[in-house]
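Have a look at the structure first, then go through the points in order.

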Amino acid sequence: MLAFLPGLLTGLSLIIAIGAQNAFVIRQGLTKRHVLLVVAICALSDALLIFLGVGGLGALIQGLPWLLEIIRWFGVVYLGWFGIKSLRSAFKTQSLDASGTQSGSATKVVTAVLGFTFLNPHVYLDTVILLGSIGNQFDADKWWFATGAAIGSVLWFSAIGFGAKAASVFMSKPVFWKVLDLIIAAVMFSIAILLAFYKF
């Protein structure tokens, strides 16, 4: 428990900030489509990266700065594209349907959530390098730390995904969807700009 609880709390503290991935999960929850799939992919991806980080991948990534540069620019392009898409959908009448017909097929949703997860260099800095470094301070108990951090991800993504799904009944007015898409566009553009100028 001495390693599990710090892992849980550290994992939650790093993941709670609203970024591109969280914004997408919330929106998908509000559309009530493929919510379990999105939550599962996010939680499993985080768990995979956490365990790889604790297992030593963080040290490897730190020795390959060019890899983060490649991921950075793919992330900038992807986030910029999604921001434009969200901005356009905010001004299209058909995008305001709370039933989520505009949320796309399962394949498109999976592609989007994998893009938000693995094309963001910060996920490697925070989840792999930082959590991996902290976890290794616990020596033999480092896997308990990793387990705690992974469970934190499961709890968080389940809360925002299914919480948004439950709250969607109160948010069915067209104006809400306009505002939501505008906020998501702003989040995507902001993170794309941050990635473009961030000094890794």
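1. Where is Ala59 found? Ala59 sits in helix 3. Bear in mind as you read on that this is a predicted model.

2. Is Ala59 buried or exposed? Ala59 counts as exposed, because its relative accessibility is 57% and the cut-off for exposed is over 50%.

3. Staying with helix 3, look at how helix 2 (residues 20-31) packs with it: the angle is about 160°, and the axes are 9 Å apart. Angles over 145 degrees count as roughly antiparallel, so helix 2 is roughly antiparallel to helix 3. Helix 2 makes a left-handed crossing as it passes helix 3.

4. Who makes that contact? From helix 2 come Gln21, Phe24, Val25, Gln28 and Gly29, and from helix 3 come Val35, Val38 and Cys42. Sorted by type, the residues of this contact are 5 nonpolar and 3 polar, with no charged ones.

5. Now move to helix 6, which covers residues 121-135. From first C-alpha to last, its 15 residues reach 20 Å, close to the expected 21 Å at 1.5 Å a residue.

6. Helix 6 also has a list of buried residues, including Pro121, His122, Tyr124, Leu131 and Gly135. What do the buried residues of helix 6 pack against? Their partners are helix 1 (4-15), helix 3 (35-62), helix 4 (65-90), helix 5 (106-118), helix 7 (142-167) and helix 8 (174-197).

Terms used: Residues are numbered from 1 along each chain as its sequence is written. This is a predicted model: local features need pLDDT of at least 70, side-chain atom pairs count only at pLDDT 80 or more; totals for chains, interfaces and linings use all residues. Side-chain values use heavy atoms; hydrogens and water are left out. Helices (H or I, at least four residues) and strands (E, at least two) are DSSP runs, numbered from the N terminus. The expected span of a helix is 1.5 Å times one less than its number of residues. Buried means under 20% relative accessible area, exposed over 50%, partly exposed in between (1.4 Å probe, protein chains only). Contact means heavy atoms within 4.5 Å. Axes are lines fitted to C-alpha atoms, for helices over the stretch in contact, and angles run from 0 to 180 degrees between N-to-C directions. Angles under 35 degrees count as roughly parallel, over 145 as roughly antiparallel, 65 to 115 as roughly perpendicular and the rest as oblique. A crossing is left-handed if the near helix is turned anticlockwise from the far one by less than a right angle, and right-handed if clockwise. Ala, Val, Leu, Ile, Met, Phe, Trp, Tyr, Cys and Pro count as nonpolar, Asp, Glu, Lys and Arg as charged, and the others, Gly among them, as polar.
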